[in-house]
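Subject: Structure for your review

Dear colleague,

Please find the structure below, together with its sequence.

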Amino acid sequence: MSSSPAIEPYTLDLVCQLDNVQGMVDALACVRWKRQQDALVELSEHGIVLIVEESGCLQAKVYLQRELFTKYEYGAEGRPKFGISLGLLVDCLNTFSSPGHSNTIEIKYPGPDMELLLKSVDTLNSCIYSEIRTRIPETNAWDYNFEQAGTAPLTFTVKSSALKEAIDDLEWPGSILQISLQKSPPCVTFRGEGHGDLQIDFMYYANTDLLLAFHCDTDVSYGYKYKFLKATTANIPGNVVRENRGSKLTIGRGGMLKVQHLVSVAKAIAPQVESAGYQPPSRIAYIEFFVKPEEPADD
Amino acid sequence: MEFSISGNALKTFARSIICLARVGNELVVQASPTQLGLHALNASRSAFQYITFQSSFFDAYAVTGPQAHFSVLLKAVCSVLRTPVASIDHMSVQLPDHDASKVKWTMECYSGMKKTYWITCNVEPDIQQLSLDRSRFPSSLVVHPRNLSKLLGNFQSSLQEITIIATDQTSFPSDAASEIGGKAVEFRSYVDPTKDGEALLHTQLWIDPSEEFLQYTHAGDPIDITFSLKELKAFLSFCEGCEADIHLFFEKSGEPILMAPKFGVGDGSSSSFDATLVLATMLVSQLHEGVQPEPAEAANSAGGHAAEQVGSEPQERSRQNASDHTRVWSELSAGTGTKSVNGSVERPQAQGQPDFNSQRIRDMNISKGGPAGDNAPGASNSQHLTQMDHAEGSRVRAANNQSFSQRHPSNWVDDASEDEDEDEDEGVEATPPHNEDY
């Protein structure tokens with residue numbers, strides 16, 4: 001049930017077009033915490049998913065659903081998967097994007113040798129074309145099997161810039177970052193201990209802008225390796241941080257942490273057209289991080 | 001001990017911490033019921049800064065008992081203040097009791113986040129007490145930080161030490177300053193000859209105090225002070241941020257200098273805090289470099305014998321404490337060391353500037369006796385004095401660099417190689433004096 005190799009050049013697994021390459025670059029940059037990372041790409045009729053992992057403790061997923069694309073022709077049977085270098089993909093996509101413009105790109109898979117093919121389609125007189133080698137993925141992506149912790153979800157949503165600021169500040173104590181949710185008074189606490197201690201409190205009633213949502217019916221507290229938590233916010237591009245949407249954090253069973261960000265992939269220009277009530281919600285890419293707790297049974 | 005601040009006071013406090021962090025590594029906090037004192041001392045103990053805040057500076061201030069003190073790493077405090085001050089609503093600092101091991105810093109931000117830091121106190125704080133009476137300094141100048149920044153901008157940014165030469169505005173000294181007319185103050189780059197001997201760029205800047213300074217007071221003989229630029233620049237930023245002028249108090253080389261912000265008359269906030277930076281200055285005066293080139297000259301003009309002697313002297317000197325470059329300097333200037341011990345005796349040989357002589361005698365006291373050379377270097381010294389009447393510092397250094405490069409007698413193969421060394425070292429020296437006989 002694998003996708004057929006391109007012996008029939010007219011039946012590609014995927015041909016899609018995106019009218020804002022920069023949005024895709026922004027989304028993928030969020031999960032780029034190392035120079036060299038291998039990503040697993042999974043194509044389906046619903047869209048493209050890119051997965052990156054590290055040392056079995058941290059996984060990131062970027063969902064680019066089909067509604068983001070101006071054209072999405074899916075011709076495969078099943079779900080083709082391939083491995084690709086994330087750094088290479090992001091750097092390559094970056095060359096298609098020029099600042100201040102929304103550039104349209106066409107993505108095709110597979111090429112004659114299973115490459116990922118990229119082509120610029122918005123200029124009449126010139127064309128940028130690239131082929132990126134792909135690999136057969138050796139293993140399947142680890143399924144983090146995120147399950148709800150108890151009867152009710154343990155989750156809070158905080159402004160992305162505040163989350164990033166807090167995690168950046170917690171670099172000082174370093175090592176392990178303890179996240180605690182307190183039911184009453186409703187409060188989220190980030191705490192790090194090392195040569196010095198730092199505690200950052202997000203109180204639900206302190207400022208209506210800070211914690212946009214908060215659900216907690218039992219007090220919980222889990223520790224996570226600082227470097228993994230840092231990876232979840234450190235690479236969000238500046239313009240995305242400035243948009244300051246909410247980032248949602250959920251603690252699942254066993255303390256597994258899920259961090260979700262939203263990245264806009266809407267066209268940069270002609271905002272007036274979009275703002276006529278019609279800002280399609282699907283012009284948002286979803287970024288998900290899963291972080292394993294340090295002491296799984298800690299509470 | 002506990003205090004809490006916000007708004008502009010918090011900005012000043014943050015600025016103070018940043019300035020102290022540029023001076024030393026450890027922050028010592030001393031709190032009495034009426035005031036809070038912060039101080040920092042640099043590693044080489046040549047710079048000391050202290051800042052005091054009256055209790056009225058704070059929104060709330062309380063000290064239990066007669067005094068509280070603690071010391072923390074400045075790096076840690078700077079981490080605390082990483083949060084932009086503009087986003088902090090208020091900050092409070094608390095030392096729960098006298099022997100508490102951690103100080104608590106709490107910040108409430110406008111965004112709603114509350115950040116609480118616990119910084120571990122250093123076990124044995126290095127508490128310094130230093131109070132210098134400002135009135136003991138006979139000379140002073142007041143300058144706007146922007147102006148001083150602009151003047152310092154003429155110097156290489158990597159310059160580490162600077163020399164300020166102050167002369168009496170009313171008199172016309174017989175040295176180089178008279179050529180510049182009216183410009184009573186000179187800034188000069190200082191280059192440490194023991195470090196690589198590279199001295200690539202030297203800068204001299206003559207300043208008319210009435211144009212550049214808001215106030216200038218100096219009477220009597222010219223004096224010079226050489227001190228570290230790094231702390232001066234830190235203090236400059238501090239004063240600029242506080243919108244105050246810099247008041248610099250000095251006396252002469254070897255005596256410390258003192259800097260303080262000078263607030264405008266109508267500035268109410270100035271009364272609630274004060275800052276002082278004390279810097280050590282180099283012991284030896286820089287004003288008499290004109291008489292120093294003779295070692296190289298002697299070295300070059302002499303044949304093997306004298307050459308070896310001179311060659312060995314720098315070697316010996318270099319074995320001395322390298323950081324004590326002031327000593328090395330004065331020994332060279334004494335006509336390669338012989339004169340250093342009996343400075344007063346040999347001085348009559350030096351024809352020319354009596355002013356320089358008197359001060360050099362004082363300098364000679366500092367230097368160690370070098371190996372007794374023959375009279376040849378001395379004689380050539382005098383000859384060279386008349387020639388190098390208004391020697392540029394750079395030329396002097398060029399010559400000295402040569403002597404340093406010729407440390408090992410093995411370098412002294414023949415005159416030809418000496419010439420090569422000269423050429424390599426400095427392009428500044430136009431007419432190497434090695435052809436002179438003495």
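Accessible areas come from the Shrake-Rupley method with a 1.4 Å probe, and for residues only the protein chains shown count as cover. The model is a predicted one, in which local features need pLDDT of at least 70 and side-chain atom pairs count only at pLDDT 80 or more, while totals for chains, interfaces and linings use all residues. Residues are numbered from 1 along each chain as its sequence is written, chains are lettered from A and ligands numbered from 1 in the order in which they are written, and side-chain values use heavy atoms, with hydrogens and water left out.

Chain A has an accessible surface of about 14,000 Å², and carbon and sulfur atoms account for 51% of that. Of its 299 residues, 54% are buried (under 20% relative accessible area, 1.4 Å probe, protein chains only). Chain A contains six helices and 18 strands (DSSP runs of H or I, at least four residues, and of E, at least two, numbered from the N terminus).

In helix α3 of chain B, Pro145(B), Leu148(B), Leu151(B) and Leu152(B) are buried. These buried residues fall within an arc of 120° (taken from the directions from the helix axis to the C-beta atoms), so they line one face of the helix.

Kind regards

Note on methods: Buried means under 20% relative accessible area, exposed over 50%, partly exposed in between (1.4 Å probe, protein chains only).
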